[in-house]
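Work through the exercises below with the model open. Each task is followed by its solution.

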Amino acid sequence: MAIKGGIDARPNPVGTIIGAAAIALFFSFPYLLMFLSSLKTREEITRIPPDYFPVTPQFSNYLTVWSSSVAPGSSLLATIVISLGATLLVLLIATPAAYYVARFRFPGRMVFLFLVLITQMLQPTVLAVGLYQQFSGWRGYLVWVALILINGAFNLSFAVWIMQSFFASIPKEIDEAALIDGLGRLQTMFRVSLPLVWPGIVTAIVFVFVNTWNEFAAAFILVQDNALQPLTVSMPRFLGMYIRDWQYLFTVAVVAIVPVIILFSLIEKRLIGGLTAGAVK
Amino acid sequence: MTRPSAVTALRSDSARPRKRPRRSGVLTALPWVTPTLLLIAGVVIYPTILMFWTAFRKYNSYGIEQGSAGLNNFIGPAGAFTFPTVPWASVWTNTVVWVVVVVLLTLLLSLGLAQFLNKDFPGRKALRLIIILPWASSVVMTTTVFNYGLQTDVGLFNRLLVDTGILQTAYGFTKDPTSAFWVAVFVAIYVSLPFTTYTILAGLQSVPRDVLEAAHVDGAGAAQRYWQIVLPLLRPAIAAATLINIINVFNSLPILKILNETPGFNTGHTTTTLIFAYKSTLGPGVASALSIFNFFFCLVIIAVYLGIVKPTKEVQ
């Protein structure tokens with residue numbers, strides 16, 4: 001029997017190009033619309049029926065939005081503070097745990113790992129009412145602390161999981177040499193192991209930061225004060241209130257997604273490696 | 001396949017095979033793992049207990065606790081599962097349809113997408129980056145665009161649908177609970193595709209080429225190779241992606257909340273969105289009672305995940 005081509009045979013390069021273009025368009029159209037709409041004037045965006053493209057792109061929207069009726073400055077600050085706080089908290093707490101779990105067997109290690117996995121699959125949404133009962137008394141900026149703790153706790157597991165798999169991949173002999181040379185365990189972790197597992201740490205940082213940046217349910221139920229709400233919570237509120245200033249909603253949306261898209265694209269290779277254990281969004 | 005590529009690379013560099021971790025006592029382990037345990041205990045386990053307690057307590061309209069409620073928060077005259085104006089038949093249907101349709105269609109589309117992305121063609125890397133967009137972006141922001149685009153007057157998607165002749169006149173998708181629900185299904189699939197596709201792509205890359213080539217030489221066609229070799233090898237990736245998606249989709253709040261503009265109980269709620277509607281109308285007791293159902297559902301899925309996917313296998 002004649003065997004044509006190989007298992008990689010692609011009979012139709014034109015079809016591939018059309019397919020790729022269609023997929024690219026499908027996965028970008030809401031964001032293209034978001035960006036184009038953010039450049040419209042108020043008259044353009046509220047015209048009925050609407051125009052597809054802005055006549056002269058109003059890049060100034062990105063400057064005027066801060067003093068507009070939407071005033072997203074405080075929300076952006078909330079999002080940044082909470083995301084940085086949660087990421088820092090997770091790094092401080094998860095790194096030693098991941099290192100130790102990767103290096104040692106101890107009674108309860110599997111229980112610990114199971115607990116970590118269960119936490120990872122649970123989400124703030126399902127515990128939202130319990131979290132409300134626990135944290136509703138945390139007023140003012142304390143609510144940011146509450147959200148840092150909540151996002152930290154729910155993202156901690158992924159960080160422990162991913163970092164321990166990186167730590168486990170470093171030959172133990174490297175550690176042992178450092179110990180023999182007189183470094184303590186903690187110093188060995190910081191000065192010998194950490195520099196070797198930085199791809200794992202970057203992955204963990206990006207995931208925790210992006211997940212916290214995008215978190216909605218806990219922030220929605222906890223933050224009553226408009227001025228303290230992160231972007232994900234104030235956005236739906238803007239949607240209800242400032243229906244005439246759609247162009248500003250989109251500048252806010254663009255500001256809200258660009259940083260995380262950049263971060264996420266940095267770890268794209270690791271996404272292909274497969275993060276099933278922790279890719280909970 | 002659950003291990004990032006960099007790990008594999010690092011491992012192949014090391015000359016000796018990896019040994020099992022050394023033994024240590026609980027006491028020496030404590031300083032390293034206690035902070036993690038404390039955070040989990042304080043912010044995951046404690047609110048869970050609090051939620052169970054709340055479900056059996058009575059609250060006045062100011063949220064002040066007023067003694068035991070027995071099972072009233074569950075099945076009383078104003079209970080979570082018996083409140084008169086809540087159409088439970090449709091809430092159950094919505095919840096099942098929401099999870100099943102979104103997760104299944106996401107999986108089917110992702111299988112095709114991953115197959116396509118696994119080929120080598122110019123621009124493949126760029127395409128993979130573009131596909132990440134809905135994954136990285138906040139679901140709230142993505143859903144907001146759809147809400148705007150589907151407005152009757154200023155919405156560009158509505159204009160496009162009219163211009164292309166698909167619709168006669170602009171339609172208020174978000175004003176009608178039924179159409180809003182189906183738009184939400186579309187958006188939920190849309191934001192679930194990247195993660196699922198990437199997971200299956202990782203599975204595809206672990207399919208050994210020589211096996212496929214051998215089957216090819218033996219005369220197996222592309223379809224046969226896919227059904228009999230590729231798909232069975234993809235089972236772990238599919239199981240992991242599907243179970244994680246079930247949890248995520250089941251717990252999804254913002255998509256339905258932002259797209260459905262009609263207030264009230266009779267508007268395409270799932271058990272998850274209903275929790276938040278209860279919280280603001282009937283108080284924490286009733287909302288907790290419903291949360292307990294959601295909590296146990298999640299626990300079941302997690303148990304299935306731990307049993308089938310066995311993520312702990314590689315750390316033995």
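**Exercise 1. Describe the fold of chain B.**
Task: how many helices and strands does chain B have, and what does its C-alpha trace span?

Solution. Start with the secondary structure of this predicted model. Chain B has three strands and 13 helices. Next, take the extent along the principal axes: the C-alpha trace of chain B spans about 70 × 70 × 30 Å. Then turn to burial. Of the 316 residues in chain B, 44% are buried. Last, sort the contacts in chain B with a separation of 6 or more: 68% of them join residues 24 or more positions apart.

**Exercise 2. Take apart the contact between chains A and B.**
Task: which residues make up the contact, and which strands pair across it?

Solution. Count each side. Chain A gives 99 residues and chain B gives 99 residues. On the side of chain A that touches chain B, helix 1 (residues 13-38) of chain A supplies the largest share, eleven residues. By class, that side of chain A has 69 nonpolar, 22 polar and eight charged residues. Now the strands. Strand 1 (residues 104-105) of chain A pairs with strand 1 (residues 22-23) of chain B, parallel, over two bridges. Arg105(A) has Arg23(B) as its bridge partner in strand 1 of chain B.

Notes:
Residues are numbered from 1 along each chain as its sequence is written. Chains are lettered from A and ligands numbered from 1 in the order in which they are written. This is a predicted model: local features need pLDDT of at least 70, side-chain atom pairs count only at pLDDT 80 or more; totals for chains, interfaces and linings use all residues. Helices (H or I, at least four residues) and strands (E, at least two) are DSSP runs, numbered from the N terminus. A residue is buried if 20 or more other C-beta atoms lie within 10 Å of its own, exposed if 12 or fewer, and partly exposed in between; C-beta atoms are placed from the backbone. Two residues are in contact if their C-beta atoms, placed from the backbone, lie within 7 Å. Ala, Val, Leu, Ile, Met, Phe, Trp, Tyr, Cys and Pro count as nonpolar, Asp, Glu, Lys and Arg as charged, and the others, Gly among them, as polar. Two strands pair if DSSP finds at least two bridges between them.
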